[in-house]
Every structure is written in C-alpha cells, then in structure tokens.
Amino acid sequence: MFLQKKFFPRLVFSPPPHALLLYLGPAIVDYDKLKQSKKESIFVEFQRKVNEFLESEIRYNYIRIRTSPELIDSRPLLWTGYRVEPLYTYIIDISKGSEQVWKNFNKQVRIDINKTKREGVKVREGSIDDLKFLSKSIANRFIEQGFRSKDYREYLDDIYNVFYPEKFRIFVGGYNGETVGGLTLLCYKKRASLWMGIPKTDLKGIYPNDLIVWESIKWACENGYKKYEIMAAGDDPRLRHFKSKLNPNLSLWYSAEKYSSSIYKGMEKAFRFYQKIRG
C-alpha cells in the first residue's frame, strides 16, 4: 500500500497512481491451494487486520485497492465497508503451444496477420531506444482521451534497467524503415502480460499490431509461459474489438474504494465537479 503524504487529505493506494499499473494487492500466499472454507477465513481476517492498521496507524481519509485477477472474492472488501466495482482483463491459455493459439484466433485475424507479413512488416525484439517511441505513443493516447500528457520515458528507462531481460521485454514492428508499432511484456512466473503499447496506426490494409502481438505470443510459448494476458478489457469499449478477436478468456478483478467519513466523500465529489466545469 502506498501513502500519499505530501498533501492533505491522507490518501492510500494499491497500486500507486501514475505508475501505469492496473492492479496490485492483496497477495495471499498459497491462496489458490487452500480449501474454500480456509480461503474465506484467511481473507476475511487478513482484510480486517489491514483495515485496523490503516485506521489506527495510517489514519487514512481515502483508500483505493485494485485487486489482481486471481483473487475473485470481493466479499471481505464489501464486508469491511468498501465500494467495489468489477473490472476485467483478458487472458489467453497458451499452455498447449502456439499452434493451438493460432487455431483459436478469429479467422480474419489469421488472414490479416499473414497479409501483413507478406507486405513486409518485420517484428523484432526491441531495445531501450525503442521506449522513446512507446512513451510518445502513450502520451498521444492520453491526449486523445482528454487527459494531460505525461513524459514516461525516464520511468520506462528505469523499468528496463532493473527488469530487462528476465521480467521485461519489448517487441516492435518495422515497415519501410520506420517503426510502426510496438508493445511491452511484463513476465512473471508462468504469465506474460501485454502491458502497454499497440498504438493506433494510419496504415491501410496491413495490421502491424496484430502481427506484433502474435510474435510476442509465440515468444512466450517458446519460453515456457502458460498464460498471456492482454491487460485491461473494460475501460474502453473501442478496444474490445481488437482484443476479443484473439479469443481470450475474460478474467475478473476489482477496484475497491473507501472513505474514512462521508465528509471526505463529499469533498471528493465537489472537487471532481470543480474539475469538470473547468474543463
């Protein structure tokens, strides 16, 4: 959990804001291996202790927790006063190899990928220099969605320097000497997660993003990963068509919020209204 100390009120987050992360905690050791009665007892007690700590030691005014997709039980959060919203991500089972994944793709996706390869789009593993292209793509996407632009280059460089190549990979597509798409993978245990990238392209009749995703899936299969996650599936309905045509499974996760009192909840609503009227 991350406490924002700089300003009042006292805000607690998991994961921290402005880190391009969807979800984080809680993490309960060997949770999936337990019987249901034990799962419930542990999670309920765990959440009770967390709340006691946040109330007595941190003295929070607002908490936001975004749980991982593996933890589907939101009741302990509801029972301790959180407002819980369901969210979604996509996961492809790649445990049977890339040939089976290819067969499961929408037929049109396979046609588009083959056409893109014939047109000369090449996919390669990227380097730290390619993060400049991806950082600019992220900034442009935020602007298109009405948010302020932010330069993530230094942040991405830090991630690359710490986690590449074991837990962080880059794939980019080239066409006629120019970079036309790219993505990053977060790799942990048996899961490879498409984190950020796949920017929109103006190319007509070829589909570099489809090909880049496919090549990264093949890489994940070849390197022993069992799941390929296409992170975030519910925030933007425009992206649903691109992601769902790869025939993934929908996986549930939650965003949970809690205020220390109704006063702070009212203050936050007033602040959001103020931001809205200011444009």
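I began with Cys221, which counts as buried at 18% relative accessibility, because buried means under 20% relative accessible area, exposed over 50% and partly exposed in between, with a 1.4 Å probe and protein chains only. I noted that this is a predicted model, in which local features need pLDDT of at least 70 and side-chain atom pairs count only at pLDDT 80 or more, while totals for chains, interfaces and linings use all residues. Residues are numbered from 1 along each chain as its sequence is written, and side-chain values use heavy atoms, with hydrogens and water left out.

I then looked up Cys187, which is also buried, with a relative accessible area of 4%. I searched for disulfides (pairs of cysteine sulfur atoms within 2.5 Å) and found 0 in the structure.

Next I turned to helix H7, residues 208–222, where helices are DSSP runs of H or I with at least four residues, numbered from the N terminus. Its 15 residues reach 21 Å from the first C-alpha to the last, close to the 21 Å expected at 1.5 Å a residue, the expected span being 1.5 Å times one less than the number of residues. I found H7 mostly covered, with 12 of its 15 residues buried, among them Trp214, Trp219 and Cys221. Just after H7, I noted that Gly224 takes a positive phi of about 85°.

Last, I looked at Leu78, which lies in helix H2, residues 75–79, and which counts as partly exposed at 44% relative accessibility.

Conventions: Helix = DSSP H or I, 4+ residues; strand = E, 2+ residues; numbered from the N terminus.
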